[in-house]
Amino acid sequence: MEKILIFVLVATTLIISRESWALENCSQELARLRSQVHQLETRVKLQQVTIGQLLHEKEVQFLDKGQETNIIDIGGKRQYADCSEIFNDGFKNSGFYKIKPLRSSAEFSVYCDMSDGGGWTVIQRRSDGSENFNRGWSDYENGFGNFVRRNGEYWLGNKNLHLLTIQGDYTLKIDLEDFEKKSRYAQYKNFQVGDEKNSYELNIGEYSGTAGDALSGNFHPEVQWWAGHQRMKFSTWDRDNDNYEGNCADEDQSGWWFNRCHSANLNGIYYQGPYTAQTDSGIVWYTWHGWWYSLKSVVMKIRPNDFIANIL
């Protein structure tokens, strides 16, 4: 009887131990599965973030580059160095075209203004404040903005400006409009943008126009040392090349050829007319509306000095 009792006790102990081991093993397995589920949830979230970023990049690419259907098809007749060549080859409608400057390794799209005598290559446009112009060096170097909409805001890119303007002597025309529907313009002969090594230095020649010479600072000889933009290097918030002890691009929230800091800044913040701010950070053309009025629209466009329209 005693042996039977011992056997029962041993068997019971074994069963309890086995059940305890099974429960412990089950708990460990459950913990392991929960850990795996957590890891999978984390991976799914990361993948969702990645997908979101990719979709955003695609959206930005769509806005920045446009679709091929938005480019006017000129039948692949030849490669054009700028919009003046397109105009004189018989294409008189304003819109986006493909050009390839002589030293460019690839084509890129640009808006061609075929009004105002025709053949203008638009390098910058401000129209409604839809685009953020407070950007870093890389964005200004490569270009950004809306290359889809006819009046979309964009900066063509300092690399492209250099490639365009080293082809010959170019005239820069700046069309300005205020919120009272008044328009003026400023025009400069021999506009050229330097290369990356020279920080895309600005060079401009003789002024003509109705808006006043804010870009060279010739409106008063005593202010040129701080207001003139001639021979200034390009600056952004992350690449300070100005002559100011601070950072003009950071204070005025734009990229531009700053001096100490500016009498013209066409990449400033899109205020609507008169504004107040810590700095004169609007879209400014000093010789027309001063520092504390931000313009409604700006178009910067170029074409060769010796351009003669082909009227045939």
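Helices and strands here are DSSP runs, numbered from the N terminus. On that numbering, Ser-199 falls in the loop between strand 7 (183-193) and strand 8 (202-203). The model is predicted. Its average pLDDT is 86, and 78% of the residues score at least 70.

**Confidence**

- The protein as a whole averages a pLDDT of 86.

**The loop between strand 7 and strand 8**

- Ser-199 has a positive phi of about 55°, although Ser-199 is not a glycine.
- Tyr-200 also lies in the loop between strand 7 and strand 8.
- Tyr-200 has a positive phi of about 55° too, and Tyr-200 is not a glycine either.
- Ser-199 has a relative accessibility of 12%, so it counts as buried, the cut-off being under 20%.
- Tyr-200 is buried as well, with a relative accessible area of 2%.

- Tyr-80 sits in the loop between helix 1 (2-65) and helix 2 (83-88).
- Tyr-80 is buried because its relative accessible area is 1%, which is under 20%.
- Leaving aside residues up to four places away in sequence, Tyr-80 touches Ile-74, Glu-85, Ile-86, Asp-89, Phe-91, Ile-99, Lys-100 and Pro-101.
- One of these residues, Asp-89, makes a side-chain polar contact with the side chain of Tyr-80, at 2.3 Å.
- Another, Ile-99, is 19 residues from Tyr-80 along the chain, yet their C-alpha atoms are separated by 5.1 Å.

**Helix 4**

- Helix 4 covers residues 158-165, and seven of its eight residues are buried, so this helix is largely enclosed by the rest of the structure.
- The buried residues are Asn-158, Asn-160, Leu-161, His-162, Leu-163, Leu-164 and Thr-165.

**A cis peptide bond**

- Arg-260 and Cys-261 are joined by a cis peptide bond, with omega about 0°.
- Cys-261 belongs to the loop between helix 6 (248-252) and strand 10 (264-265).

Notes
Residues are numbered from 1 along each chain as its sequence is written. This is a predicted model: local features need pLDDT of at least 70, side-chain atom pairs count only at pLDDT 80 or more; totals for chains, interfaces and linings use all residues. Side-chain values use heavy atoms; hydrogens and water are left out. Helices (H or I, at least four residues) and strands (E, at least two) are DSSP runs, numbered from the N terminus. Buried means under 20% relative accessible area, exposed over 50%, partly exposed in between (1.4 Å probe, protein chains only). Contact means heavy atoms within 4.5 Å. A polar contact is a pair of N or O atoms within 3.5 Å; within protein, one must be able to donate a hydrogen and the other to accept it, and residues adjacent in sequence count only if both atoms are side-chain atoms. pLDDT is the predictor's confidence in each residue, from 0 to 100.
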